[in-house]
Structures are given as C-alpha cells and as structure tokens.
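Trainee: I would like to learn how to read a structure. Please take me through a few features.

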Amino acid sequence: MSYSSPPAQVAAPCGFIHAPWRWLDRLVAAGAGGLLLMLLAVAFWLPPSPLGFGTHQQLGLPACTLLDWYGIRCPSCGMTTAWSCLLRGQIVPALRANAGGAMLAVTALVGGPWLLASGIRGRWIGKLPSDTWVIAATLVILVTTLTQWTLRLSLGW
C-alpha cells in the first residue's frame, strides 16, 4: 500500500501564519485595532477625575454600583481614569487609579496600531506573540488588578 504526500497546506504548517488572510480575518483584526484606538482616543479626550475614579461618568455612564451600594470600590474602579492619566503622561496617577488599567492602556497602545495595520496589510506585522506570552501577560494584569483591589479593601487605600 502506498501513501501519497499530504496537501501543501498540511505539509508546511509553519507557513500558514504568512499566508494572505481571508477578508473576514482582515476585518476582525482591523476592527479590533480600530476599537482599541477609538477607546484610547476617548480616554485622551476625557479629563481624568481628581478622585482617581469616576472618569467614565463624563460619558453618561452610571457610578460604580459596588461603590454606591456598599461603599467599596470594585476591581475595575479607576480604569478609565488610569487610561486618561496614562495618555497624558501621568504615570504615577495612572498606577494609583488602577495599575491593571494602566497596563491595559499600554497593551492597547501597542496592540491597537499593530492589529489595525496587520488587518489592513492582510498579514501579521512582526512576530506573532506566543500563546504562553499572551496568557502570562493576561495573568499579570489580572493579578495586579486583584492585588490592588485587595490592598484597597484591607488598607483602605
């Protein structure tokens, strides 16, 4: 019994990353990049709240329910303020407002243009981050956010 060689797509699995994308792949990448850039533009447009949280209320959004009902800030309190501060170069106030939010803003600053440009081009620009790196970065942001929240609750920050 003889075996035929596999199709070209299977024979060279490493080349699929560099193959031209379908239109839907391009649309998703460009759309995600455009959304991140739009969020950054809104954060830049909003003046940061001097309280360190509540900047999102300038958009007509409600105050934090956890803060209203129980008098404690939620883990995401201060994220919009952190983005707004970071985009103005106010790094320490951004970290005080929400360190995880500041990290997300940096991720959006890098990821937004990269996704948009890759989507327009139809191929990844530069090296695609490994799944391990993405998971590690996500965990660092999550642990940072939850640690800061725990310190706020226990120390009354």
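Trainee: Is Asp 25 buried, exposed or partly exposed, and what is its relative accessible area?

Mentor: Buried means under 20% relative accessible area, exposed means over 50%, and partly exposed lies in between (1.4 Å probe, protein chains only). Asp 25 has a relative accessible area of 30%, so Asp 25 is partly exposed. This is a predicted model, in which local features need pLDDT of at least 70, side-chain atom pairs count only at pLDDT 80 or more, and totals for chains, interfaces and linings use all residues. Residues are numbered from 1 along each chain as its sequence is written, and side-chain values use heavy atoms, leaving out hydrogens and water.

Trainee: With which residue does Arg 22 form a salt bridge?

Mentor: Side chains of opposite charge can pair when their charged atoms come close. A salt bridge is a side-chain nitrogen of Lys or Arg within 4 Å of a carboxyl oxygen of Asp or Glu. Arg 22 forms one with Asp 25, and the closest N and O atoms are 3.1 Å apart. Searching the whole structure finds one salt bridge. Arg 22 is exposed, because its relative accessible area is 56%.

Trainee: How many helices and strands does the protein have?

Mentor: Helices (H or I, at least four residues) and strands (E, at least two) are DSSP runs, numbered from the N terminus. The protein has six helices and zero strands.

Trainee: In which helix is Thr 81 found?

Mentor: Thr 81 is in helix 4, residues 79–87. Its relative accessibility is 2%, so Thr 81 counts as buried. Leaving out residues up to four places away in sequence, Thr 81 touches several residues, including Pro 48, Phe 53 and Ala 97; contact means heavy atoms within 4.5 Å.
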